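Here are my notes on this one, as numbered points. Have a look at the sequence and the coordinates first, then read along.

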Amino acid sequence: MTFSFPNGSSGLYLALAATLIVGFLAMFAMMSMPARWRRPVVATCTFLAGAIYVAYYLWPKPQAFGPRDIPQNFSESVGSYLADSVNVAGTISTALTTFLLGLGIYSLVRIHGRKLLRMQKDWGFSLVLLISMVAIVIFGYWSYWQTKFGPDAVKLQLSSNWTWVNYTNDFLFDGLLQQMESAMFSIIAFYILSAAYRAFRIRSVEATILLASALIMMLSLMGAVEFIWNSHLPATGFAANFQITEIARWIRDTLQTPGIRALDFGIGLGALAMGLRLWLSLERGGVSA
Amino acid sequence: MDTPQDPVARTAEEVQVFEAAKIEKKTHQTRMILFGLLILCSTIPLFLTLGVPNKPTQSTVDLYSTLMSVPDNSTVLLQTDWTLSTRGESGGEFEGLMRVLMRKNCKIALYSMSDAQAPQVAIDEIALLLNPERKAKGEREYKAWDDYISLGFFPNAEGETASMAANLRSAWTGKKAIDVQGQEEDVFQSPVLKNVQTIANVPLVVIITATNSFNVLIERLAGKVPVIALVTGVMGPESNVYYSSKQIQGLAIGMKGVYDLETMMEEGINSPGKDGKVAFEWPNHPPVAGFPGETNYGRGKLYFPTLHIDMTLMILAVIFGNVGMFMAKKRGNR
């Protein structure tokens with residue numbers, strides 16, 4: 001079931017306003033509700049949302065059933081209804097997750113605003129953070145509005161026609177933020193090198209095996225080494241197994257991948273158990289506490 | 001760090017402390033030399049164009065074959081979960097992939113499930129790097145709305161990908177983009193998505209990621225549509241699990257993956273070049289054409305020599321570290 005209104009219509013704005021009011025009322029009702037009633041409400045919502053996904057996963061799916069096809073029998077009707085419900089549940093959960101971004105901004109402003117007002121230690125960093133955040137939000141939305149909805153929107157698609165707002169936004173996003181991310185990440189190279197020098201030591205049999213495997217994997221990634229090593233060995237026959245790429249492949253496919261797969265399997269089982277506990281509201285903490 | 005100033009130590013304990021401090025000081029100095037070497041070795045090759053021999057791996061050969069099997073003019077979904085923090089690897093992967101898709105006139109719907117900045121980074125790469133490159137060669141520039149659209153960032157990967165698998169049209173209901181007239185329109189009105197009804201109508205889903213966001217995509221979409229992944233070196237081992245179980249059709253890992261892709265773009269697979277010779281042979285594989293003479297090499301060729309030197313440096317660091325440890329042990333025993 002989807003409600004749709006033409007873009008810019010009064011019906012759309014009315015629906016948006018109504019949704020906002022209902023949302024705030026629901027939030028207010030939940031907050032003013034006694035704790036002993038809140039738990040069953042949350043548990044019911046959680047169970048229903050989870051049940052849609054479980055039912056969708058378990059229910060037989062109609063073959064070659066398009067979004068515009070009409071269900072022919074009970075099985076197809078339920079399958080089609082569940083497919084639609086998954087989308088509604090997905091949209092709601094996406095909207096709810098989006099609130100987390102707002103929550104993050106609120107949390108940042110609260111913590112660093114307080115630090116700034118009380119002139120606590122390193123308040124200068126908080127000031128830089130808040131100024132950067134406000135600047136990128138203002139110029140980001142300003143530039144977005146100009147290029148998407150402004151009177152010269154089509155003209156501004158070409159960077160040669162950009163205004164100072166677009167340039168400032170580009171400077172803040174591509175010129176500063178992205179470059180600083182690159183710089184931060186590149187520092188890891190120094191940590192890795194330092195760790196290789198200080199910590200990668202042959203202290204035990206296990207460490208020696210680890211070191212030998214790492215050495216082979218590193219050498220196999222070096223095309224020049226691979227070329228020199230493999231050129232001394234035949235491409236077929238028993239000796240071909242000693243090509244550096246073959247040894248690396250053996251380590252990866254026979255030792256590394258099964259190890260990771262076993263870990264993934266354990267994590268999957270843990271996630272299943274945790275998911276069941278959350279779905280059935282058996283998990284203590286949060287609302288249950 | 002404080003070091004004992006008196007060179008003539010009086011007790012055995014003081015001798016031990018003095019020796020340990022000397023070794024620590026030497027280690028610190030060696031580390032600084034290594035850091036200096038790292039800076040030099042990483043930057044100097046960037047100014048040189050060195051052709052390092054390379055043999056693509058099986059997973060990248062499969063990735064290139066799958067990519068080239070996509071019909072021309074079709075729509076490809078691209079989950080772009082990277083930013084410039086991993087531009088060496090992810091940027092090279094994105095550029096190589098886009099060059100192939102653009103040459104096949106494929107339409108691209110891009111979105112991110114991992115980073116809110118990622119769609120803008122991808123759009124900037126198209127607008128500021130790939131389009132000028134095409135324009136300089138007299139080729140058609142890729143235009144937003146007609147050739148590609150950005151669906152933005154979805155913060156709930158699990159819910160959104162499950163919705164995409166169930167009903168793609170419903171999952172992206174209400175998504176708007178600006179058409180060529182500057183009007184806001186439904187994304188399904190665009191030439192990119194107008195013929196797409198379900199996920200099965202898409203010949204390929206591609207993910208470029210610097211995180212493990214491929215997990216959700218593969219869990220929800222693999223089996224319904226062919227998936228290929230281009231990941232960073234760090235995520236390589238984890239993603240290889242999905243490739244070895246054939247849940248994804250191809251995989252490019254890190255800098256080697258980028259150079260592999262670029263090599264195959266230039267040489268093809270079992271494909272004879274202008275001189276009639278096959279430049280890159282792969283046993284029991286049907287011929288797949290490349291794009292000889294085009295702009296195929298980019299970050300892969302540029303950064304691959306640096307990778308060699310840095311790997312060598314790391315091996316040397318491990319050797320020096322262990323030699324230092326053995327020498328310290330030997331002195332301790334004496």
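1. A word on terms before we start: helices (H or I, at least four residues) and strands (E, at least two) are DSSP runs, numbered from the N terminus. Residues are numbered from 1 along each chain as its sequence is written, while chains are lettered from A and ligands numbered from 1 in the order in which they are written. Please keep in mind that this is a predicted model, in which local features need pLDDT of at least 70 and side-chain atom pairs count only at pLDDT 80 or more, whereas totals for chains, interfaces and linings use all residues.

2. Let me begin with a loop residue. Asn105(B) sits in the loop between helix 3 and strand 2 of chain B. Its phi is positive, about 55°, although Asn105(B) is not a glycine. For burial, the count is of other C-beta atoms (placed from the backbone) within 10 Å of a residue's own: 20 or more makes it buried, 12 or fewer exposed, and anything in between partly exposed. Asn105(B) has 13 other C-beta atoms within 10 Å, so it is partly exposed.

3. Met119(A) is not a glycine, yet it has a positive phi of about 50°. This residue lies in the loop between helix 3 (74–117) and helix 4 (123–148) of chain A. Met119(A) counts as exposed because it has 9 C-beta neighbours inside 10 Å.

4. Now for strand 1 of chain B, residues 75–81. Seven of its seven residues are buried, so the strand is largely enclosed by the rest of the structure. In a regular strand the side chains alternate between the two faces of the sheet. Here Thr75(B), Leu77(B), Gln79(B) and Asp81(B) point one way, and Val76(B), Leu78(B) and Thr80(B) the other way.

5. Which strands does strand 1 of chain B pair with? Pairing here requires at least two DSSP bridges between two strands. Strand 1 of chain B runs parallel to strand 2 (residues 107–112) of chain B, joined by five bridges, and Leu78(B) stands opposite Leu110(B) in strand 2. Strand 1 of chain B also pairs in the parallel sense with strand 6 (residues 204–209) of chain B, over six bridges. There, Asp81(B) stands opposite Thr209(B).

6. Strand 2 of chain B is mostly covered as well, with six of its six residues buried. Lys107(B), Ala109(B) and Tyr111(B) point one way from strand 2 of chain B, and Ile108(B), Leu110(B) and Ser112(B) the other way. Five bridges pair strand 2 of chain B with strand 3 (residues 148–153) of chain B in the parallel sense, and the bridge partner of Ser112(B) in strand 3 is Phe153(B). The chain gets from strand 2 to strand 3 of chain B through helix 4 of chain B, in a right-handed β-α-β crossover. Right-handed is judged with the strands pointing away from the viewer: the path from the first strand over the helix to the second runs clockwise. Strand 1, helix 3 (residues 87–103) and strand 2 of chain B also make a right-handed β-α-β unit.

7. On to the interface. A contact is a pair of residues whose C-beta atoms, placed from the backbone, lie within 7 Å. In chain B, 54 residues are in contact with 56 residues of chain A. The elements that give two or more residues to this side of chain B include helix 1 (12–43), helix 4 (118–136) and helix 10 (299–333) of chain B. Helix 10 of chain B gives the largest share, 13 residues.

8. Ser42(B), in helix 1 of chain B, is worth a click. Ser42(B) has 17 C-beta neighbours inside 10 Å, so it counts as partly exposed. Ser42(B) and Ile309(B) are 267 residues apart in sequence, but 7.4 Å apart in space, C-alpha to C-alpha. Leaving aside neighbours within four places in sequence, Ser42(B) is in contact with Thr306(B) and Asp310(B).

9. Finally, helix 9 of chain A has Ile244(A), Ala248(A), Arg252(A) and Gln256(A) as its buried residues. These pack against helix 7 (205–220) and helix 8 (223–231) of chain A together with helix 8 of chain B. After helix 9 of chain A comes Ser281(A), with a positive phi near 55°.

Technical notes:
Contact = placed C-beta atoms within 7 Å.
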